[in-house]
Amino acid sequence: GALSSLFISGTRVIAALNGINTDLMQESLINCGVDIGGIIVVGLLYKRDVDAEQSRLKRATKGAKLAKLTVRASKSMLEMEMEGTAQPQGTFTTSLGSFRRNRGLEKRVVLAAAGEDKIADVIEEAKSLEQDLELNDLVVIPVVMPQGKAPAVQESDLPRCVAVPVVVADNWRNVINDEASEAIKQGVDIEKEGFCVIVKKNGRVGQRTKGIFLNNLVGNVVARREAGMDVTNI
């Protein structure tokens, strides 16, 4: 390999410096340069692979933590609206993992985190976009920052496209704070602007956004569908 070749070339250079086979000096120096360059490239490729594996493991760990978090949603989310059929009343509790593909609900989870006032606006926007969010398999999870708590929403005011966190100790805060730290590093005012984390149907984090723009999220899915692109794995 490159190390063996470097050893041989290096030995020849040392010999030439001591007056032995001096005619091989130039060739040996070139070979040393090539070998050192090769070792550096291999090292960089190895580091890239290690970083990629660590990133994959980090995403998998993040997905597992998210899947365990629980939310409360309207029972009407469990059934598609049918003409002449009364919608179920009340709420139910489930984990975020149940929104994954083939788990029953199959939704793209939009974790919308911001201060209390901003979250109140987000919930109102979700109500106005309820049908569009449903048609595009989007469920909004509003999280009040910096406490990492659920917003104060009356059961009767909970639209089908929204589920609120069920907070046990600091479970939600511990998970969402990692994302908040990254958002702050990028200059996001997490209370006034807020941020979104979109979890795909396969449970992986697919996108992070500065600010919370539900209409844009709906538009992105619609645009992909109209362009003939895959919308089942986003």
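This is a short tour of the structure above, one selection at a time.

**Before you start**

The model is predicted: local features need pLDDT of at least 70, side-chain atom pairs count only at pLDDT 80 or more, and totals for chains, interfaces and linings use all residues. Residues are numbered from 1 along each chain as its sequence is written, and side-chain values use heavy atoms, leaving out hydrogens and water.

**Stop 1: the whole protein**

Show everything as a cartoon. You will find six helices and seven strands (DSSP runs, H or I of at least four residues for helices and E of at least two for strands, numbered from the N terminus). Along the sequence they come in the pattern α-α-β-β-β-α-α-β-β-α-β-β-α. Of the 234 residues, 37% count as buried (under 20% relative accessible area, with exposed meaning over 50% and partly exposed in between, using a 1.4 Å probe and protein chains only).

**Stop 2: helix α3**

Now select residues 116-128, which form helix α3. Its 13 residues reach 19 Å from first C-alpha to last, close to the 18 Å expected at 1.5 Å a residue (the expected span is 1.5 Å times one less than the number of residues).

Which residues of α3 are buried? Show the side chains of Ile119, Val122, Ile123 and Ala126. They cover an arc of only 100° around the axis, which puts them on the same side of α3 (the arc is that of the directions from the helix axis to the C-beta atoms). An α-helix has 3.6 residues a turn, so residues three or four places apart point the same way.

**Stop 3: a three-stranded sheet**

Next comes an open sheet with the order β2-β1-β5 and antiparallel pairing (two strands pair if DSSP finds at least two bridges between them). Its edge strands are β2 (91-95) and β5 (163-165), each pairing on one side only. Select β1 (residues 70-74) too: three bridges join β1 to β5. Zoom in on Ala73, which stands opposite Ala163 in β5.

**Stop 4: Gly148**

Finish at Gly148, in the loop between β4 and β5. Is Gly148 buried or exposed? At 2% relative accessibility, Gly148 counts as buried. Beyond its neighbours within four places in sequence, Gly148 is in contact with Val143, Val167, Trp172, Arg173 and Ile176 (contact means heavy atoms within 4.5 Å). Gly148 and Arg173 are 25 residues apart along the chain, yet 4.2 Å separates their C-alpha atoms.
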